[in-house]
Amino acid sequence: MRKSFAAIAAVAALSLTLAGCGGGAGGGADAADGKGYPESKTIYLVSKGFQHQFWQAVKQGALDAGEEAGYKVEFVGPDKETEVDKQMSMLQTAFDSKPAAIGFAALDSGAAADLLKKINDKGVPVVAFDSGVESDIPVTTVQTDNKAAAGEAAKHLAELVGNKGKVGLVCHDQVSQTGIQRCDGFMEWMKDNAPDIEVITPQYAGDVVKAADAAKAIMQANPDIVGMYGTNEAAATGVAQGVDEAGMVGKLKVVGFDSGKAQIEAIKSGAMAGAVTQAPVLIGSETVKAAIKAIKGESLPKIIDSGFKWYDATNIEDPEIASNLYE
């Protein structure tokens with residue numbers, strides 16, 4: 001099983017927002033007047049990346065919603081979720097194209113502040129998705145409640161290890177709100193609800209290979225460890241791969257976040273106990289629908305919660321779960 005799982009894994013490689021019509025939600029007559037580009041029928045979505053199937057599912061939801069409403073959706077993202085500068089360049093390109101609205105999933109929650117201000121000054125509405133940004137410019141944020149979802153993963157891991165022992169975590173980054181919340185939410189739930197569980201200082205790795213190495217380093221330094229958690233598709237897949245390569249499958253409980261072929265196969269085989277899935281297609285469609293409402297000047301809530309579900313071998317085939325999984 002070790003060889004087959006490693007092969008699978010190799011293949012799978014804001015906080016404050018404006019309600020109502022703030023942040024340029026209403027559009028207007030002409031860009032030169034600072035009122036947006038109402039003649040445009042294009043909505044530009046700048047995602048965090050393309051290397052995970054999660055983003056392909058988000059893209060599909062966005063494209064479907066745009067087609068239904070008569071808008072063209074451009075969906076872009078850097079090759080890796082560490083390429084903040086490349087994402088900023090893509091956001092600039094999106095702005096330069098004079099779209100009707102922009103959706104933005106920030107890799108770095110503060111890096112885009114100046115550019116977002118320029119976009120807002122032109123009256124182009126911005127919808128944050130997946131992660132919030134350190135700005136009140138986005139008219140709404142479409143996202144999973146990442147802290148609550150991380151708490152759900154912590155709850156299940158605590159149950160799996162008998163509410164005692166030492167557990168580790170590999171977080172996918174330290175700068176996006178998603179990365180921070182999924183890491184903090186896990187640790188906070190353990191602190192508040194599982195006093196007999198010791199959470200090891202988190203390690204950070206944004207791709208499968210680095211996450212596998214981080215997991216093996218954690219196990220080597222903590223031979224008495226009983227469980228481990230990865231905060232996104234790459235981190236969770238890497239953790240499961242590292243546990244497999246260390247010969248610890250069955251001896252150490254692994255839980256994850258998101259989906260993807262490697263995680264699905266690991267859960268089915270027993271290499272991973274379970275994971276929390278978002279609703280990526282819904283995130284994409286709700287982002288485009290929110291952008292259209294903003295273009296029309298309609299009011300929006302500060303947060304549009306796209307929800308999450310825990311899945312494991314017992315419910316992975318259930319229609320409600322299966323519709324939120326992706327390979």
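This is a predicted model: local features need pLDDT of at least 70, side-chain atom pairs count only at pLDDT 80 or more; totals for chains, interfaces and linings use all residues.
Me: What is the strand order in the open sheet, and what is the pairing?
Reply: The open sheet has six strands in the order β2-β1-β3-β4-β5-β12, and the pairing is parallel.

Me: Which strands stand at the edges?
Reply: The edge strands are β2 (72-76) and β12 (303-305). Each has a single partner strand, so one side of each lacks a neighbour in the sheet.

Me: By how many degrees are neighbouring strands turned against each other?
Reply: On average, neighbouring strands of this sheet are turned by 20 degrees, direction ignored.

Me: How many bridges join β5 and β12?
Reply: Strand β5, residues 140-143, pairs with β12 in the parallel sense over three bridges. Within that pair, Val142 stands opposite Ile304 in β12.

Me: Which strands does helix α10 touch?
Reply: Helix α10 (residues 280-295) packs on the sheet and touches β1 (42-46), β2, β3 (101-104), β4 (126-129), β5 and β12. The direction of α10 makes about 135 degrees with that of β1.

Me: Changing topic to α4: which residues are buried there?
Reply: In helix α4, residues 113-121, the residues Leu115, Leu116 and Ile119 are buried.

Me: Why do the buried residues of α4 line one face of the helix?
Reply: Viewed down the axis of α4, the buried residues fall within an arc of 100 degrees, so they line one face.

Me: And what covers them?
Reply: The cover over the buried residues of α4 includes α3 (84-96), β3 and β4.

Me: What phi does Gly123 take?
Reply: Gly123, which comes just after α4, has a positive phi of about 80 degrees.

Me: Now the loops. Where is Ser97?
Reply: Ser97 is in the loop between α3 and β3. Its relative accessible area is 38%, so Ser97 is classed as partly exposed.

Me: Which backbone oxygen does the side chain of Ser97 reach?
Reply: The side chain of Ser97 reaches the backbone oxygen of Ala94, at 2.6 Å. As for Tyr37, 60 residues apart from Ser97 along the chain, the C-alpha atoms of the two are separated by 9.9 Å.

Me: What about Ser135, buried or exposed?
Reply: Ser135, in the loop between β4 and β5, counts as buried because its relative accessibility is 14%, and buried means under 20%.

Me: Which backbone nitrogen lies 3.0 Å from its side chain?
Reply: The backbone nitrogen of Ile137 lies 3.0 Å from a polar atom of the Ser135 side chain.

Technical notes
Residues are numbered from 1 along each chain as its sequence is written. Side-chain values use heavy atoms; hydrogens and water are left out. Two strands pair if DSSP finds at least two bridges between them. Helices (H or I, at least four residues) and strands (E, at least two) are DSSP runs, numbered from the N terminus. Axes are lines fitted to C-alpha atoms, for helices over the stretch in contact, and angles run from 0 to 180 degrees between N-to-C directions. Contact means heavy atoms within 4.5 Å. Buried means under 20% relative accessible area, exposed over 50%, partly exposed in between (1.4 Å probe, protein chains only). The arc is that of the directions from the helix axis to the C-beta atoms. A polar contact is a pair of N or O atoms within 3.5 Å; within protein, one must be able to donate a hydrogen and the other to accept it, and residues adjacent in sequence count only if both atoms are side-chain atoms.
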